[in-house]
Structure formats: C-alpha cells, structure tokens
Amino acid sequence: MAFLNRLNAIRPTLLALLIVCLGNGALADDGLRRSTSELIYVPAYPEVLIEPNATQQMAVTIVVQNIDPKQSLTLQSVRYLDHRGDQNRNLLDQEHTLAPFGSWKFVIGLRETTGEIGANFLVSWSGSQPTLPPIVETIMIGGNGTQGISFASRGKVISRTP
C-alpha cells in the first residue's frame, strides 16, 4: 500500500517528464533529425596563403553523400561563389537525384583561379518526404614538388524545412 501511495505522489512528475522527453524528440525512432529541404553552406579554399604575400593553388572537390538508407533526395542546385559572394556558376545543369547511399561530386581544377581564398558553395536539396540530410564536404589538395597540402571542410546548414 505504501508503494502505491508513493507512486501516486510522483505520477504527475513522471507524466511531466514523459511529455518533455516526447516534445524534445528524445524518444524518436532513430533520434536523427530529418528534413524535406535544406540550404547548406560549404567553405572551399581554391587558394591558400603559404606566406604573407604568397599563395598556393588548390584543386577543390565537392562531394554530396546521401546517407539515408531508404529515401532518395534531389540536388536542386550547387552554386559556386567566389570570395566576394558572387556566383561563379551553378554546377548543375538540371536537378540530380541521389539514390539511398548515392553520391555526387564535382572538381574545381587546380589551375582554375576564379574562387580565391574564401570561396564557397551553396547546396540546395529537397526530398519528397522527411529525409536524413546529406553530408556535404569539400576536399582541397595542392602542392609543389614533393610537398603537398590537403584538408577537408564540412558544410553547415543555414536553412532547413522540417
């Protein structure tokens, strides 16, 4: 009987805790945030400073990876912007669908000098239903002689439709 009295006393607290957990998505089926569309900013470095007045040209590969095991997503645009934020070009001639676990890539060549330090990409994607967001990364590589430089940058969501 004492146990039931204690249970009745804490029941409102347990109910409130359950509501908070459900409201925060803590008990979601997989705990992952799904979206129907996003705009992703991805830093790129087609040129890096190696001395105060000297730069090194870099090849930039942008890769979009669909990590959803069940849903396709559609790349709507992949815009390449220079260091001033002006669009150099849209890398997609038309929308492109990525199947589950599919990927898309594009290379800005080592000798292309349009982006300069601080270039970036804006990647817009959508899904017909809530989808795990893709991983979007840039890989930069360059060098002279026997010395090489390589590094990667990951995109950041700047707009999302749940």
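Tutor: Fine. Keep in mind that this is a predicted model. A place to begin is Phe151, which is partly exposed, with a relative accessible area of 27%.

Student: What does Phe151 pair with in the aromatic pair?

Tutor: Its partner is Tyr45. The pair is tilted, with 5.8 Å from centre to centre and 55° between the planes. A search of the whole structure finds three aromatic pairs, and this is one of them.

Student: Where do Tyr45 and Phe151 lie?

Tutor: Tyr45 is in the loop between β1 (35-43) and β2 (47-51), while Phe151 is in strand β11 (residues 147-154), so the pair ties together parts that are 106 residues apart in sequence.

Student: And Tyr45, what is its relative accessibility?

Tutor: The value is 29%, so Tyr45 counts as partly exposed. The cut-off for buried is under 20%.

Student: Back to β11. Which strands are in its sheet?

Tutor: Four strands form an open sheet, in the order β8-β4-β10-β11, with antiparallel pairing. From one strand to the next, the twist averages 15°.

Student: Which strands stand at the edges?

Tutor: β8 and β11 do. Each has a single partner strand, so one side of each is left without a neighbour in the sheet.

Student: How many bridges are there between β10 and β11?

Tutor: Eight, in the antiparallel sense. Phe151 turns up again here, as the bridge partner of Met140.

Student: And how many for β4 and β10?

Tutor: Seven bridges, also antiparallel. On the β8 side, β4 is joined by six bridges, and those two strands run antiparallel. Gln65 has bridge partners in both strands: Ile135 in β10 and Ser103 in β8.

Student: How many residues of β4 are buried?

Tutor: Five of its seven, which leaves β4 mostly covered.

Student: Change of topic. Which residues touch the most other members of the largest nonpolar core?

Tutor: That core has 23 residues, and the ones with the most contacts to other members are Ile62, Leu75, Val78, Leu91, Trp104, Phe121 and Val123.

Student: Which elements give two or more residues to this core?

Tutor: They are β1, β4 (59-65), β5 (73-81), β8 (103-108), β9 (120-131) and β10 (135-144). β5 gives the most, with four residues.

Student: What is Trp104 in contact with?

Tutor: Leaving aside neighbours within four places in sequence, Trp104 is in contact with Ile62, Val63, Val64, Leu75, Val78, Leu91, Leu92, His96 and Leu98.

Student: I also clicked on Asn120. Buried or exposed?

Tutor: Asn120 is buried, with a relative accessible area of 8%. Its place is in strand β9. Not counting residues up to four places away in sequence, Asn120 touches Tyr41, Val42, Pro43, Ala44, Arg79, Tyr80, Leu81 and Asp82.

Student: Now the whole chain. How many helices and strands?

Tutor: One helix and 12 strands.

Student: What share of the chain is buried?

Tutor: Of the 162 residues, 33% are buried. The chain exposes about 10,000 Å², and carbon and sulfur atoms supply 54% of that.

Student: And what share of the contacts join residues at least 24 apart?

Tutor: 73%, counted among contacts between residues at least 6 apart in sequence.

Conventions: Residues are numbered from 1 along each chain as its sequence is written. This is a predicted model: local features need pLDDT of at least 70, side-chain atom pairs count only at pLDDT 80 or more; totals for chains, interfaces and linings use all residues. Side-chain values use heavy atoms; hydrogens and water are left out. Rings of Phe, Tyr and Trp (its six-membered ring) pair if their centres lie within 6.5 Å; planes under 30 degrees apart count as stacked, over 60 as edge-to-face and the rest as tilted. Buried means under 20% relative accessible area, exposed over 50%, partly exposed in between (1.4 Å probe, protein chains only). A nonpolar core is a set of buried Ala, Val, Leu, Ile, Met, Phe, Trp, Tyr and Cys residues joined through side-chain atoms within 4.5 Å. Contact means heavy atoms within 4.5 Å. Accessible areas come from the Shrake-Rupley method with a 1.4 Å probe; for residues, only the protein chains shown count as cover. Two strands pair if DSSP finds at least two bridges between them. Axes are lines fitted to C-alpha atoms, for helices over the stretch in contact, and angles run from 0 to 180 degrees between N-to-C directions.
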